[in-house]
Amino acid sequence: MKIAVCIKRVPDSETRVKIGPDGKSLDEAGVKFVLNPYDEFAVEEALQRREKAGAGEVVILCLGPAAAQETIRTALAMGADRGVLLQADRIPADGFGTAKAVAAALKDGGWDLILFGKMAIDDYNHQVGPMVAELLGLPCVTAVAHLEIEGQKGVAEREIEGGIEVVEFPLPAVLTTDKGLNEPRYPALKGIMAAKKKPLDVKPVQVGAGGIEVLAMTPPPERKEGKIVGEGPDAIPELIRLLREEAKVL
Amino acid sequence: MSAVLAVGEQRDGVLRKVSYEVVTGARRLADALGGSVEAVICAAGAPQGLDRLGSFGADRVVTLTNPAFAKYSPEGSAQAIADRAKAGAYAAIVFAASATGKDLAPRVAAKLGVPLAADVTDVGVESGAIVVTRPVYAGKALLKVNVLGKPAVVSLRPNVFTPVERPKAGAAETVAVTVPAGRVTVREIKAAEAGSLDVAEAQVVISGGRGLKEPANFKVIEELAQAFGGRAAVGASRAVVDAGWRPHADQVGQTGKTVSPTLYIAVGISGAIQHLAGMRTSKVIVAINKDKDAPIFKVADYGVVGDLFAVVPRLTEEIRKLHG
Amino acid sequence: MALIPAQHQPPLPMERLILKEGAAGAGDRMELDVLVVGAGPAGLACAIELAKLAKAKRTELNIGVLDKAEALGEHSLSGAVVNPRAFRELFPDLKDSDFPFHGKVKKEAVYLLTAEGRWRVPTPPTMHNKGYYIASLCEIVRWLGARAEELGVNIFTGFPAASLLTRGSAVVGVRTAPAGLDREGAPGAGFAAPNDLTAKVTALAEGTRGALSQAWCKWQGIASLNPQIFALGVKELWETKRPLGRVIHTMGWPLPSDAFGGSFMYPLEPNLAALGLVVGLDYENAALDVHALLQRLKQHPLFRPYLEGGEMVEWGAKTIPEGGFYSLPNRCSGEGVVILGDAAGFVDVPSLKGIHYAMQSGMYAARAILPALKAGDPAPLHLAEYDRLVNHSYVGRDLYRTRNMRLAFQDGFLLGGLQAALMTVTRGLFPGWRYAVHADAEVHRRLTPGGSPGSGEQPDGRLTFSKVDAVFKSGNATRDTIPTHLVVGQDVPAEVARFYSHVCPAGVYEEGDGVLRVNAPNCVDCKATDVLGPRWTPREGGSGPKYKRM
């Protein structure tokens, strides 16, 4: 099994979001960066597939700033074999720009599987994986929460509204991973030591601004004062109306 | 080139409601651009409910038919929609950021070689450019972006664009399309496993507290959760977990550990600060409590004062109607 | 009615903290030359100095640093105004501007507060901060960690040292805490067995009230002239609308006169300030609550204008060893082991500083360790040279000179202040004797019904905050289902439960219907109740706070 896992360095989910002086981006002062949690499922899946196959290679690919080497090391500490950083000053808001750079790096790599997290918790783009699949002409299943692979055939399950879609696909393929697929391991002490010695190639890439131009980043509207809708069961129709029309959650 | 392509969804031959939202969003763009809306659906045959798309503002409704479209065909639909997009001069293509839309939109955008603005909560046109708003950092900030692609491909966050009835004399047509046999095929759709949802992951969390009086009464909470059809999990306040009514895994709050569902319904929970710390980042909070001075009402967006044993079953009934 | 905390305090769980080498239960094993427990200023300075010395001597040295926080600096909290002396010595090639400081102290003021008023008082000579730097200890630790890693030091975050591994009377390493246990202590999803790390030297740089350091001293029968005494500091980081522009210290209100302590407010950036209150844990009123007092302090006209309209962005708490010279262990070295920094009690209380002492002690330890390693003695190594280096340095001399200063304040604030002034002018010769002190847990606490300084006020969630809101702001996201790490005494009476609920700034302890309830995941590892009540033990790695700029 030769598996590529594409990961992203993202602000920790507990990050207190402060908008930078340009009014368009996150103020990164004091922000802790981590391996995107959905990518952890991808790394774990790759490791389990390699372990099951008894042979193979798990390669971590990341597009990001120089500091993303640390993020790659985290995946190497979990057990991946080597890492490649596509070093760019910035990650474009346009996921297609990222996809093109990643696809170019993966092209002709002889991969059995290319794994991504289903989305990054910072930009919620959930698109780079399937775009890379298109660019490489590979079959793709997104948001995989259960996976079985026999030989060159795979069966994946993905959660859809009110059900689970069971999807068949041939290898090689691009998969994006969802919560529930596995339980990502913590790096062990030995893994952390070993990760320091694993190869990590840094390749500068030029990623253009792309076709998504950021105009402004703003804080979400302030929470409105709550209100008592009414008393007793008779208040329910009005509650439903408010949840649908005002809060828009039903 | 000011037409907007609205990509609807069907499942098992029935149009999905999210298609109305897509058409509504597309209509908004088309009106601002002075253009028309063409709704397009991939299906094995014209799906049920298709005629209603016109009433939400579609000028034309096109069903792209292929036997492979009986189930969702990722590659086939992507090809068919991309072909359709290339053949016309569309200013924008609008998808739903549903499970299917999240899968399909990036494939189409990549085939067209244009960017995708995903999961947007607002769309508009400024100086002729398509401008959208997307929540980022788990909703802790909003990003306003200019979508420069021709066409501009966007996907709309579900439940945000309330369908607005804007009847148009929508012309319906059916076009049989040929697409290559897909390598990725949907074998079946299984029912979601009930009760497997974790409070930390569910979109809807309904929590019960001491107001339920005894463990067996959690049934009213569970029934309400079921009415949400696999999207809701049952949570509990620490008081009832400590009393042994519910397993610890259901507990919301305590450590500053939080759940952030789209909708949080607190039933019979007074709102000890330990609990509030765990759920106050929920998008919308509903509180149902007998005591109108309960602290929970201070953080709730909507409160209903009353006997939960009368209020909750009524709510369950209404939710069932919505999801029925 | 009085309460003596010691009567309800369980003993240190020695059977967990001291293990024989090779005890059953370990997963992975790893061998190092030097193992440092705790990635704080002491531990990292030790590792850096050691790596530098080894490099200069062309010696291969395998140095590992363990820390219980998930990432570097997340369990580090200090004021802080830093005396750069140790930085300059550790990095002779760098300039002050290269260090992770926010800015030089230019203006400072000390006030004596009353409920509404304030008197500016002359800054005590020991508290002059001109030429020193305002800093965040989290940032210092991350910066030191990066320097250490550049030098080839292995830093393992998220691995708490749970037990000392011993051979005879020597320390040969540590066992880390397991991860992934369920509430009952059985392995659950994601279980990771403890690791045994062995080394020729183990440097305990656990910080304040270190569990292993305490256990080692007890095991080896190492006493101190006085028991160690502690203060609890509760700190908040505020984004302010108005720049503070100066360093402020206060004494007096809202502290009762029988409590020793004071507040600080330091500007980190024009719109960012650190604010905290430090109170000695030898106070008498059993209902005193440091977190609640800090909430009250913020409403004072001196502070309120800076905070109002701003936002509290971080909260944290930590104890400080305040006993000074007479509370230091009789020796800080033994067979295969040294104790550094706060774990040993190296804090310059009169100047309210410990970071430079911590780093300095780490550097002295490194200078003692390398020759011992090179001498190639058969293990265990004896490291008495470390004690000698510390005692003959400015750290030892200054601690001796100010040996009685904090202790004088047992007599109350005014008498204490007078004696402290005499000590300063006589350079420590006054009073010519050693003040004896009680351990904090031995101090009798007054139970005054209804008298509860600071508590009982409803926080508004904007200027003042409840303990649970505060814990939320510490970034604490401890897994709810880990086994409790707190060892509580048997049958805790209601008044003792209430006492704990006031001592703990993080709302870990609650009293309800006369019963003590323990919310262990709330714990931010400040160690206050380890001093006065339930014992703290290491828990799953990554638990506790996630401080960013404390």
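**Entry 1: the contact between chains A and B.** I looked up the contact in this predicted model, and 70 residues of chain A and 68 residues of chain B take part; two residues are in contact if their C-beta atoms, placed from the backbone, lie within 7 Å. On the chain A side, I listed the elements that give two or more residues, among them helix H3 (95-106), strand S9 (163-170) and helix H6 (236-246). Helices (H or I, at least four residues) and strands (E, at least two) are DSSP runs, numbered from the N terminus. S9(A) gives the largest share of this side, eight residues. I then sorted the side of chain A by class and got 41 nonpolar, 15 polar and 14 charged residues. Nonpolar covers Ala, Val, Leu, Ile, Met, Phe, Trp, Tyr, Cys and Pro, charged covers Asp, Glu, Lys and Arg, and the others, Gly among them, are polar.

Entry 2: I found S13(A) paired in the parallel sense with strand S18 (residues 302-305) of chain B, over four bridges; pairing needs at least two DSSP bridges between the strands. Ile228(A) has Gly303(B) as its bridge partner in S18(B).

**Entry 3: chain A overall.** I noted six helices and 13 strands in chain A. Of its 250 residues, 50% are buried (20 or more other C-beta atoms within 10 Å of the residue's own, all placed from the backbone). Of the contacts in chain A with a separation of 6 or more, 70% join residues 24 or more positions apart.

**Entry 4: conventions.** Residues are numbered from 1 along each chain as its sequence is written, while chains are lettered from A and ligands numbered from 1 in the order in which they are written. Local features need pLDDT of at least 70 and side-chain atom pairs count only at pLDDT 80 or more, whereas totals for chains, interfaces and linings use all residues.

Note on methods: Buried ≥ 20, exposed ≤ 12 C-beta atoms within 10 Å, placed from the backbone.
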